[in-house]
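Have the viewer open as you read.

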Amino acid sequence: MRTILITGPGGSGRTAVAAATALRAAGEGTPTLVLGADRTDTLGAALGTATGPAPTQVTPTLTAWRPDAAARFREDLTEFQTRAAGVLDLLGASRLDAEELTPLPGAEELSLLRALRDAALSERYELLVVDLPPAPHALDLLALPEELRRYLRRLLPPERQAARALRPVLGRLAGVPMPADWLYETADRWDVELAAVEAVLADRHTAVRLVAEPGPAGADAVRAARLGLALRGLRTEALVANRVLPEDTPLHGLVAQQRKALADWAETFDVTAVPHLGHDPRGAEDLAALAVPGVNTAPAPVEWPVADRIEEDGVLVWHIPLPGAIRDGLDLVRRGDELVITVGGFRRIVALPSALRRCTVAGAALRDGELRMRFTPDPDLWPR
């Protein structure tokens with residue numbers, strides 16, 4: 001399956017572009033699912049067909065789905081209360097009824113990620129188009145599976161399961177029951193679900209398209225989004241310059257501003273200029289007029305290679321693409337077998353490749369949008 005993630009600054013028209021992308025692919029005969037994230041039915045408004053928690057057949061080859069985060073949250077918390085009944089009774093807790101539960105912050109993000117996973121695992125579709133939230137929120141969303149898995153491994157490390165036989169004894173000594181098997185089973189289940197989402201995001205057939213209006217604000221937003229996506233190992237496949245005004249419009253200053261932004265973007269991105277319709281797109285006819293790019297080719301995968309320069313320079317060099325990064329906004333900290341990268345207001349903790357774990361950091365340089373970290377083999381750890 002091919003997956004296209006679409007985001008951009010708020011108000012850029014990304015939902016209409018996502019709907020147009022899905023409609024074009026479906027019109028070419030590709031079984032397509034378009035997944036929406038907004039609480040309000042902006043996706044349905046663009047398609048001209050209401051969408052909701054049940055998949056909606058828009059055309060014979062196009063399905064639209066806007067999952068219900070509130071319903072999924074109620075189901076999950078009700079199940080959690082059932083599985084944790086023993087601990088809750090011990091604490092004298094009063095259980096919550098499903099009718100009184102309202103989603104907490106983060107519930108919508110988890111609901112969308114699960115829907116993305118379920119759709120990607122489905123064999124009904126060949127293309128999945130995801131209308132993500134605005135870019136800053138989308139970047140947090142895309143980071144969520146990796147971060148949550150890391151938290152779970154730290155808080156409930158799998159090796160602790162080997163001590164299950166000691167829990168009754170420890171419980172009697174402590175005077176309170178020790179964590180039950182269901183806690184670790186729940187953590188395992190969450191880890192599997194999050195790993196499946198990570199696999200979809202890391203798949204070589206997954207790409208990101210940015211949508212922005214050409215201009216200074218759009219240029220700043222695109223620059224930041226591209227860097228944040230690169231740090232997550234995601235490639236910006238294309239840039240859709242939305243709502244481009246015709247050359248003969250009386251707004252000469254705005255046209256010149258858009259022309260300059262388009263010229264700058266063309267040096268870096270595969271840019272598609274989408275014309276301004278003079279109104280918000282509504283229905284198949286308007287979406288077809290947007291002339292968004294097709295989805296026939298698979299993007300080149302993002303790689304963070306380690307180059308062996310031991311014979312020449314005595315080091316291994318880790319190449320990490322960070323387009324648009326500047327030295328003043330870059331901070332690197334090694335913590336054991338992990339590297340903490342902070343750049344442009346974004347932060348990610350990544351595991352070092354196995355060969356580099358047996359090395360010490362010898363230096364780093366940022367050149368031409370690429371971070372190059374040098375590692376020297378540790379004689380005490382490196383195989384002879």
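## A tryptophan pair

Trp-304 and Trp-318 are both buried (under 20% relative accessible area with a 1.4 Å probe, protein chains only; over 50% is exposed and in between is partly exposed). This is a predicted model, where local features need pLDDT of at least 70, side-chain atom pairs count only at pLDDT 80 or more, and totals for chains, interfaces and linings use all residues. Residues are numbered from 1 along each chain as its sequence is written, and side-chain values use heavy atoms, leaving out hydrogens and water.

The structure has one aromatic pair. Trp-304 and Trp-318 make it, edge-to-face, at 6.0 Å centre to centre with 65° between the planes. Rings of Phe, Tyr and Trp (its six-membered ring) pair if their centres lie within 6.5 Å; planes under 30 degrees apart are stacked, over 60 edge-to-face, and the rest tilted.

## Two helices crossing

Next up are helix 5 (residues 107-121) and helix 6 (residues 135-155), which pack at about 75° with axes 10 Å apart. Helices here are DSSP runs (H or I, at least four residues), numbered from the N terminus. Helix 5 and helix 6 are therefore roughly perpendicular (65 to 115 degrees; under 35 is roughly parallel, over 145 roughly antiparallel, the rest oblique).

On the helix 5 side, the contact (heavy atoms within 4.5 Å) uses Glu-109, Leu-110, Leu-112 and Leu-113. Helix 6 brings His-137, Leu-141, Leu-144, Pro-145 and Leu-148.

## Thr-42

Thr-42 sits in helix 2 (residues 42-47) and is partly exposed, at 31% relative accessible area. Its C-alpha is 8.3 Å from that of Ala-16, 26 residues apart along the chain.

Note on methods: Axes are lines fitted to C-alpha atoms, for helices over the stretch in contact, and angles run from 0 to 180 degrees between N-to-C directions.
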